[in-house]
Amino acid sequence: MDRKDFDSYSDERLAWACMEPTFMRIRGKSPAIKAAALKELGKGQRALCMFRILYDHSYRSPAEFYAWSAYLLDQPGYWSGVLEGARFFEDDALRELLEETQERLAERNRRLGLEWGAAGLKDLETDEDLKQIITALYGRFQRIIPNSHALIAEYIRAHPEEFVELS
């Protein structure tokens, strides 16, 4: 990466640029190829990757936040990877939100006899209680994310060698 770009990117753009090569390599590939690629990453890269997987799929709407949270909870190792990423970047606010999201969704699943894989984007249209819960959680997510980007970018800027080769 060009040093000028590294120094000038916004927090969010810097994090994306650091993961873009990995995402281009695994996009549309099998779960086995994705898992192998994740294992090749260093600890900071893996933490960033898991954050980006959550964020990139969840930031647009409460329904996407809900459906992707449930999806990641359904995929072995993904939710725990997102939580480990939040811990790695010392993002306690995000970690606490994600833990509460898991608790609230698990409680709903138990009450209704559902599995994680049963979640869908339209669930908020048919379940008013779920809509209220997710809308509140998503609102917190939106307020927390700028700080998450700042924490991640601060780490990347302090440890560029873990993420990029600067030219």
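**A guided look at one predicted model**

Visitor: Why does Glu90 count as exposed?

Guide: Its relative accessibility is 63%. The cut-off for exposed is over 50%. Glu90 passes that cut-off, so Glu90 counts as exposed. Keep in mind that this model is predicted.

Visitor: Where is Glu90 placed?

Guide: Glu90 sits in the loop between α6 and α7.

Visitor: What makes the phi of Glu90 stand out?

Guide: Phi is near 55° there. That is a positive value, and the residue is not glycine. Most residues other than glycine have a negative phi.

Visitor: Why is Arg60 called exposed?

Guide: Set the value against the cut-off again. Arg60 has 52% relative accessibility, and exposed means over 50%. So Arg60 counts as exposed. Arg60 lies in the loop between α4 and α5.

Visitor: How far is Arg60 from Met24?

Guide: In sequence, they are 36 residues apart. In space, the distance is 21 Å, C-alpha to C-alpha.

Visitor: What makes up the largest nonpolar core?

Guide: It holds 51 residues. Those with the most contacts inside it are Leu48, Leu94, Ile134, Phe141 and Ile156. To belong, a residue must be buried, with side-chain atoms within 4.5 Å of another member. Buried means under 20% relative accessible area. Ile156 belongs to this core, so Ile156 is under that cut-off.

Visitor: Which elements give two or more residues to this core?

Guide: They are α2, α3, α4, α5, α6, α7 and α9. The most come from α9, with 11 residues.

Visitor: Which residues does Ile156 touch?

Guide: Leave out residues up to four places away in sequence. Then Ile156 touches Phe6, Leu14, Ala15, Cys18, Leu48 and Phe163.

Visitor: How much space lies in the largest pocket?

Guide: About 750 Å³. Its lining has 32 residues. The closest to the pocket centre are Lys34, Leu38, Met50, Ile53 and Tyr78.

Visitor: Which element gives the most to that lining?

Guide: That is α4, with eight residues. The elements that give two or more are α2, α3, α4, α5 and α6.

Visitor: What classes of residue line the largest pocket?

Guide: The lining has 15 nonpolar, eight polar and nine charged residues.

Visitor: What is the average pLDDT of the chain?

Guide: The chain averages 95, and 100% of the residues score at least 70.

Visitor: Where is confidence lowest, and where is it highest?

Guide: It is lowest in α3, at a mean of 89. It is highest in α9, at 98.

Key:
Residues are numbered from 1 along each chain as its sequence is written. This is a predicted model: local features need pLDDT of at least 70, side-chain atom pairs count only at pLDDT 80 or more; totals for chains, interfaces and linings use all residues. Side-chain values use heavy atoms; hydrogens and water are left out. Buried means under 20% relative accessible area, exposed over 50%, partly exposed in between (1.4 Å probe, protein chains only). Helices (H or I, at least four residues) and strands (E, at least two) are DSSP runs, numbered from the N terminus. Contact means heavy atoms within 4.5 Å. On a 1 Å grid over the protein atoms alone, a cavity is a set of points where a 1.4 Å probe fits but cannot get out, and a pocket is an open set with protein on both sides within 12 Å along at least five of seven lines; lining residues have an atom within 4 Å of a point. Grid points are joined across faces, edges and corners, and a volume is the space filled by probe spheres set on the points. Ala, Val, Leu, Ile, Met, Phe, Trp, Tyr, Cys and Pro count as nonpolar, Asp, Glu, Lys and Arg as charged, and the others, Gly among them, as polar. pLDDT is the predictor's confidence in each residue, from 0 to 100.
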